[in-house]
Amino acid sequence: MQTLSQLSEIASQGYRLFPLSPKSKIPMKGTQGVLDATSDQKQIAQWFKEYPQCNWGIAGGRIDGADEFLIFIDVDTKHGKDGQQELDAVYAAYGKEPDTFVVQTPSGGLHFYLKTMVRKS
């Protein structure tokens with residue numbers, strides 16, 4: 001479970017957060033999920049108080065205040081899929097794991113959070 005301080009640090013970097021039902025990826029009842037995602041500290045503090053047991057989502061797309069996008073790579077290791085084996089093949093072909101934030105999922109998979117620059121024409 002995240003603390004308000006941790007959420008504030010994430011939001012201060014421009015990442016947009018939104019509350020999810022506890023131990024779930026389902027938006028909290030009464031919210032619009034990713035459509036409500038924000039980096040606004042006051043809104044996040046209000047949600048934190050209103051939904052103390054919630055899980056938190058991070059929205060992909062443009063990072064607030066930056067010319068960067070946040071994208072995700074979801075490496076699954078369930079339902080007969082071995083995402084780790086596929087990922088190892090990518091590393092063998094293109095090099096080492098990127099220096100980025102990675103979390104392990106409850107099912108044993110991985111989520112990679114990657115920043116990419118916005119291409120200006």
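The legends below describe close-up views of a predicted model.

**View 1. The largest pocket and the residues nearest its centre.** The largest pocket has a volume of about 1000 Å³. Its lining is made up of 32 residues. Nearest the centre lie Trp56, Gly57, Val103, His111 and Tyr113.

View 2. The lining of the largest pocket holds 16 nonpolar residues. Ten residues of this lining are polar, and six are charged.

**View 3. Lys23 in the loop between S1 and helix H2.** Lys23 sits in the loop that runs between S1 and helix H2 (41-50). Its phi is positive, at about 50 degrees, although Lys23 is not a glycine. The relative accessibility of Lys23 is 86%, so the residue counts as exposed.

**View 4. His79 in the loop between S4 and helix H3.** His79 belongs to the loop between S4 and helix H3 (83-94). This residue is not a glycine, yet the phi of His79 has a positive value near 55 degrees. His79 is exposed because its relative accessible area is 74%, and exposed means over 50%.

Methods. Residues are numbered from 1 along each chain as its sequence is written. This is a predicted model: local features need pLDDT of at least 70, side-chain atom pairs count only at pLDDT 80 or more; totals for chains, interfaces and linings use all residues. Side-chain values use heavy atoms; hydrogens and water are left out. On a 1 Å grid over the protein atoms alone, a cavity is a set of points where a 1.4 Å probe fits but cannot get out, and a pocket is an open set with protein on both sides within 12 Å along at least five of seven lines; lining residues have an atom within 4 Å of a point. Grid points are joined across faces, edges and corners, and a volume is the space filled by probe spheres set on the points. Ala, Val, Leu, Ile, Met, Phe, Trp, Tyr, Cys and Pro count as nonpolar, Asp, Glu, Lys and Arg as charged, and the others, Gly among them, as polar. Helices (H or I, at least four residues) and strands (E, at least two) are DSSP runs, numbered from the N terminus. Buried means under 20% relative accessible area, exposed over 50%, partly exposed in between (1.4 Å probe, protein chains only).
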